[in-house]
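The following exercises are to be worked with the sequence and the three-dimensional structure at hand. Each task is followed by a stepwise solution.

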Amino acid sequence: MVSDGTIAAISTPPGTGGIAVIRISGKDSLTIAERIFKGKSSPSSIESHRVIYGRIIDPGTREEIDDVLLIVMHAPKTYTGEDTVEISCHGGIVPAQRTLEVCISAGARMAQRGEFTKRAFLNGRLDLTQAEAVLDIVSAKTKEGLRGALYQLNGLLSKKIRRLKDFLISILSDIELSLDFADEDITVPEQRKISKKISSTIDIINELIKEGKRACILRDGVSAAIVGRPNVGKSSLLNALLLEERAIVTPVPGTTRDVIEGWINVKGIPVKLYDTCGFQDAENIVEAIGIEKTKEAIENTSFLLFVADGSVALEGEDKEIYNRAKEKPLIIVINKIDLPKRINISDITNGTPHPICEVSAKEHTGIEQLNKKILKLIGATELKIDEVMSTRTRHLVLLSKAEENLTRAIRGVEEHRSPELIAFDIKEASRSLGEIIGEVTPEEILDKIFQEFCIGK
Ligand SMILES: Nc1nc2c(ncn2[C@@H]2O[C@H](COP(=O)(O)OP(=O)(O)OP(=O)(O)O)[C@@H](O)[C@H]2O)c(=O)[nH]1
Ligand SMILES: [Mg+2]
């Protein structure tokens, strides 16, 4: 990714809407705006962060393109830290596309994915965790996920990391000061003090890792497949959980032939549900593909909802599917409890203590109870959503690396290793922490992060 030149992109989603916004950033933003905009005031004559009304003109053909509002924002107080111009045109594909084209012919180049945010990072407007938070805000699936991302945008994680780094620096100076110059070793009382400090840092890092793992659930959600033999009410359950008629429900066994997906929000945790079609012997290619997709869904989801029809006795097919499913985290859902109960679930579970929930998908009873059991199964009941951050796997890996380095440092102190070696491990830990906030992050990792963004962000 190059970070030179002036870039432009349509920053609103494709399609028609009220308005579309074209964003230009870089040192030539104002010159470009001058070339393509005609209005009472000219873009370079107005104060920063002001809006003017006018018309976009193709500088080559003098053709008029659209009536627009144009915002001028002078560096450095802009999102990217560079001179920025935003043009709000009518929200159609053609006006937005044509406006972007004239920006390009007037000297801008097409922005790459995430390039505006990458520039914000490179210009020190955001650190890396904050840039990642921008991505999380845009893709937040629940309001709790959004809140976590906002905390992070405000620098909550960065602050904690910086504090840890400062503490490590203080340990390094302790080591320096405690050197007994006679034999270049750390004195015993100092040794104890240093070990204690390192170990308290490790405790904080471990706490961050634990919190972070829970936060990953909040951002990325979990996934679950609804499995069971034909006609037990899997699709009805999906619809009841989604609160909409997503999947077709009929009394005909084998109604669902494809895997159907939908997101639900269980007390702030996004859960992606897959309604499946069971494993009956495939009679044609459509069913065969459906069954393959069901197997994949079972494999790739974090837990299963095994549905049985409570109004009839269990069948061989129930048992077969249960046996395939039971290795994964599982909730047994006994459906159709609005009808007289004929099921004896222990016939297949043999006493395995899976959580059981009785529902009527048809009458929407027991659904709240099922949501509670889902929360418990994924360990999210202890999630303190108010204080949660928006941690990513990248952060967790680096935190673990720092933790390993510090554990080695403690061992070094205890085993009277040379102070240089101990200092080396502490410096490595500090480096890993620095990489989280982007102080020393290699270019290819930066590219990978910003590639996740959409164009125009
Ligand atoms: N009484 C009663 N009937 C239900 C309930 N849930 C589903 N049914 C009925 O059971 C039949 C099958 O429901 P579906 O939701 O299509 O079942 P499925 O498991 O998705 O079936 P396949 O897609 O064929 O595998 C339909 O006639 C539903 O109306 C329930 O809670 N109570
Ligand atoms: Mg179905």
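**Exercise 1.** In which loop is arginine 62 found?

*Solution.* The model is a predicted one, in which local features need pLDDT of at least 70 and side-chain atom pairs count only at pLDDT 80 or more, while totals for chains, interfaces and linings use all residues. Residues are numbered from 1 along each chain as its sequence is written, chains are lettered from A and ligands numbered from 1 in the order in which they are written, and side-chain values use heavy atoms, with hydrogens and water left out.

Step 1. Arginine 62 belongs to the loop between strand E4 (50-57) and E5; helices (H or I, at least four residues) and strands (E, at least two) are DSSP runs, numbered from the N terminus.

Step 2. Although arginine 62 is not a glycine, its phi is positive, about 65 degrees. Most residues other than glycine have a negative phi, and most peptide bonds are trans.

**Exercise 2.** Locate the cis peptide bond between alanine 75 and proline 76.

*Solution.* Step 1. Omega of the bond joining alanine 75 and proline 76 is about 0 degrees.

Step 2. Proline 76 lies in the loop between strand E5 (64-73) and strand E6 (84-90).

**Exercise 3.** Describe the surroundings of ligand 1.

*Solution.* Step 1. The ligand is surrounded by 22 residues, a residue being near if one of its heavy atoms lies within 4 Å. The closest are Ser236, Gly254, Thr255, Thr256 and Asp338.

Step 2. Sort the shell by residue type: eight are nonpolar, 10 polar and four charged. Here Ala, Val, Leu, Ile, Met, Phe, Trp, Tyr, Cys and Pro count as nonpolar, Asp, Glu, Lys and Arg as charged, and the others, Gly among them, as polar.

Step 3. Helix H8 (residues 234-242) gives the most to this shell, with three residues.

Step 4. Turn to individual atoms. A polar side-chain atom of aspartate 338 is 2.8 Å from a nitrogen atom of ligand 1. For threonine 250, a backbone N or O atom lies 3.5 Å from an oxygen atom of the ligand.

**Exercise 4.** Where is leucine 243 found?

*Solution.* Leucine 243 lies in the loop between H8 and strand E11 (260-266). Its phi is positive, near 60 degrees, in a residue other than glycine.

Conventions
Polar contact = N/O pair within 3.5 Å; in protein donor to acceptor, adjacent residues only side chain to side chain.
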